[in-house]
Amino acid sequence: MSSLSRLLSPSARPAPMQRETLRIRLEDGREIEVTRVRDPRARRIRLSVSERGARLTLPLRASLKAGDAFLHEHRGWLAAQLADHGDARPLDRAATTGLPLREACCPVRWETGRYSHAQLRDDGTIVFAAPAQAGPDALRRALREFYEAQARADIARWMPAYLAGLPRPPSRVRLKVMSSQWGSLAPDGTLTLDLALVLGRSSAFEYVLVHELCHLIHADHSRAFWREVETRCPDWREARDYFREHGRRLKGELHALLTG
């Protein structure tokens with residue numbers, strides 16, 4: 001068998017990752033779920049936290065006992081990382097009394113309605129109406145539509161002030177849940193922004209919009225690019241620091257609310 005044939009043969013394919021969920025009690029008494037993954041590509045035991053929760057990665061040769069000991073030894077670090085991500089909770093009609101929006105926790109009033117939808121009232125209350133039989137997926141879709149509408153309202157309010165001086169406007173604006181980035185600009189001019197931005201400080205959201213619009217002038221992060229950003233958003237460093245301090249929490253909150 002040739003070298004290429006061996007590489008392409010089914011026996012040469014890497015073993016799939018094995019996943020399971022376990023529970024651990026932290027030093028403060030809380031019980032949390034940790035996803036344990038046995039990854040054939042891993043070279044060492046590793047513990048990580050993202051908006052999807054805690055993950056313990058084991059190489060193929062590592063024993064479960066060694067993994068459990070590593071997890072127990074790093075409970076303090078794990079608690080600190082989870083705190084940095086915020087106390088993210090899923091959307092629950094019986095338990096959700098407030099929802100994050102523009103760096104505030106808006107009170108939620110649940111009502112029975114013909115279809116699932118949420119509206120922001122002038123007093124800052126979010127009225128969430130849904131049929132009595134509506135399931136979690138329907139509620140999460142309604143919440144995502146609500147957040148997208150709020151984000152688009154912000155973008156529509158800010159965008160006109162920044163279009164002057166640009167070689168062209170963005171071809172379209174998309175909102176999506178992004179795992180690491182806050183925004184991007186595609187070669188075709190499509191501007192993509194993280195939906196989690198609407199949960200946080202409005203000035204930080206506006207900075208990300210400005211940042212991506214400036215890529216219509218300079219595709220890189222050269223000094224010329226940052227001069228364009230500075231001209232349009234002199235306080236961009238404060239926004240950057242805000243994301244360093246609160247970014248993971250915002251992404252974690254949105255992930256918990258929209259995925260359960």
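Biologist: Leaving aside its neighbours within four places in sequence, which residues is Phe 128 in contact with?

Modeller: This is a predicted model in which local features need pLDDT of at least 70 and side-chain atom pairs count only at pLDDT 80 or more, while totals for chains, interfaces and linings use all residues. Residues are numbered from 1 along each chain as its sequence is written, and side-chain values use heavy atoms, with hydrogens and water left out. Contact means heavy atoms within 4.5 Å. On that basis, the partners of Phe 128 are Leu 91, Leu 99, Val 108, Arg 109, Trp 110, Glu 111, His 117, Ala 118, Leu 139, Ala 142 and Leu 143.

Biologist: Which residues touch the most other members of the largest nonpolar core?

Modeller: A nonpolar core is a set of buried Ala, Val, Leu, Ile, Met, Phe, Trp, Tyr and Cys residues joined through side-chain atoms within 4.5 Å. Buried is under 20% relative accessible area, exposed is over 50% and partly exposed lies in between, with a 1.4 Å probe and protein chains only. The largest core has 51 residues, and those touching the most other members are Leu 99, Phe 128, Leu 143, Tyr 147 and Leu 193.

Biologist: How many residues are in the second, separate core?

Modeller: In soluble globular proteins, nonpolar side chains tend to be buried together. The second core includes Leu 26, Ile 45, Val 49 and Ala 54. Its residue count is 16.

Biologist: Is Thr 125 buried or exposed?

Modeller: Thr 125 sits in the loop between strand 7 (117-120) and strand 8 (126-130); strands (E, at least two residues) and helices (H or I, at least four) are DSSP runs numbered from the N terminus. Beyond neighbours within four places in sequence, Thr 125 contacts Pro 107, Arg 109, Gln 119 and Leu 120. Its relative accessible area is 12%, so Thr 125 is buried.

Biologist: What is the phi of Arg 102, which is not a glycine?

Modeller: Arg 102 lies in the loop between strand 5 (98-101) and strand 6 (104-112). Its relative accessibility is 24%, so Arg 102 counts as partly exposed. The phi of Arg 102 is positive, at about 50°.

Biologist: And what is the phi of Glu 103?

Modeller: Glu 103 is also in the loop between strand 5 and strand 6. With a relative accessible area of 45%, Glu 103 is partly exposed. Glu 103 is not a glycine either, yet its phi is positive, at about 65°.

Biologist: Which class do the angles put helix 4 and helix 8 in?

Modeller: Helix 4 (residues 136-158) and helix 8 (residues 236-259) have axes 8 Å apart and pack at about 140°; axes are lines fitted to C-alpha atoms over the stretch in contact, and angles run from 0 to 180 degrees between N-to-C directions. Angles under 35 degrees count as roughly parallel, over 145 as roughly antiparallel, 65 to 115 as roughly perpendicular and the rest as oblique. Helix 4 and helix 8 are therefore oblique.

Biologist: Which residues of helix 4 and helix 8 make the contact?

Modeller: Helix 4 contributes Arg 140, Leu 143, Arg 144 and Tyr 147. One of these, Leu 143, is also a partner of Phe 128. From helix 8 come Leu 254, Leu 257, Leu 258 and Thr 259.

Biologist: How far apart in space are Pro 160 and Arg 172?

Modeller: Pro 160 is in helix 5 (residues 160-163), and it is exposed because its relative accessible area is 54%. Pro 160 and Arg 172 are 12 residues apart in sequence. In space, C-alpha to C-alpha, the distance is 14 Å.
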